[in-house]
Amino acid sequence: MLNNIGLPGLLLIAIVVLVLFGRGKISSLMGEVGKGITSFKKGINEGEEEIKNVENVDGADLPKHTDLGTHPETDKTADKGAS
């Protein structure tokens with residue numbers, strides 16, 4: 001269905017949208033879309049930096065966890081079961 005639109009169909013759709021919403025409304029909408037894309041890219045970059053920072057930690061400050069997935073400082077039952 002959408003495979004047969006072509007360039008003339010897309011131009012017609014663009015003209016109809018422009019007439020219905022007006023140039024000001026469309027430009028403000030595109031500005032908001034641009035801000036959203038910029039914010040998304042910034043979030044992706046911050047997430048990648050955070051992952052790199054976590055990978056660079058040598059592990060000396062991190063708590064040691066048991067095989068059961070419990071923290072030995074807060075769950076003493078893991079030690080009792082191993083004895």
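The term salt bridge denotes a side-chain nitrogen of Lys or Arg within 4 Å of a carboxyl oxygen of Asp or Glu. By this rule the count comes to 1 salt bridge. Both glutamate 32 and lysine 35 lie in helix H2, 3 residues apart, about one turn of the helix. An α-helix has 3.6 residues a turn, so residues three or four places apart point the same way. Lysine 35 counts as exposed because its relative accessibility is 55%; exposed means over 50% relative accessible area, buried under 20%, and partly exposed in between (1.4 Å probe, protein chains only).

The model is predicted: local features need pLDDT of at least 70 and side-chain atom pairs count only at pLDDT 80 or more, while totals for chains, interfaces and linings use all residues. Residues are numbered from 1 along each chain as its sequence is written, and side-chain values use heavy atoms, with hydrogens and water left out.

Remain on helix H2 (residues 23-55) and select glutamate 49. Glu46, Glu48, Glu49 and Glu50 form a negative surface patch. Patch members have over 30% relative accessible area and no salt bridge; like charges are joined within 9 Å, and nonpolar side chains (Val, Leu, Ile, Met, Phe, Trp, Tyr) within 5 Å. Each Glu charge is placed at CD.

Next, select helix H1 (residues 6-21), whose 16 residues reach 23 Å from the first C-alpha to the last, close to the 22 Å expected at 1.5 Å a residue. That expectation is 1.5 Å times one less than the number of residues. The number of buried residues in H1 is 0, so this helix lies largely in the open. Color Leu10, Leu12, Ile13, Val16, Val17, Leu20 and Phe21: together they form a nonpolar surface patch with about 680 Å² of accessible area. Leucine 12, in H1, is exposed at 56% relative accessible area. After H1 comes glycine 22, with a positive phi near 85 degrees.

Helices (H or I, at least four residues) and strands (E, at least two) are DSSP runs, numbered from the N terminus. Of the 83 residues, 4% are buried.

How values were computed. Areas by Shrake-Rupley, 256 points an atom, 1.4 Å probe, with all protein chains shown as cover. Lys, Arg positive; Asp, Glu negative; His and termini not counted.
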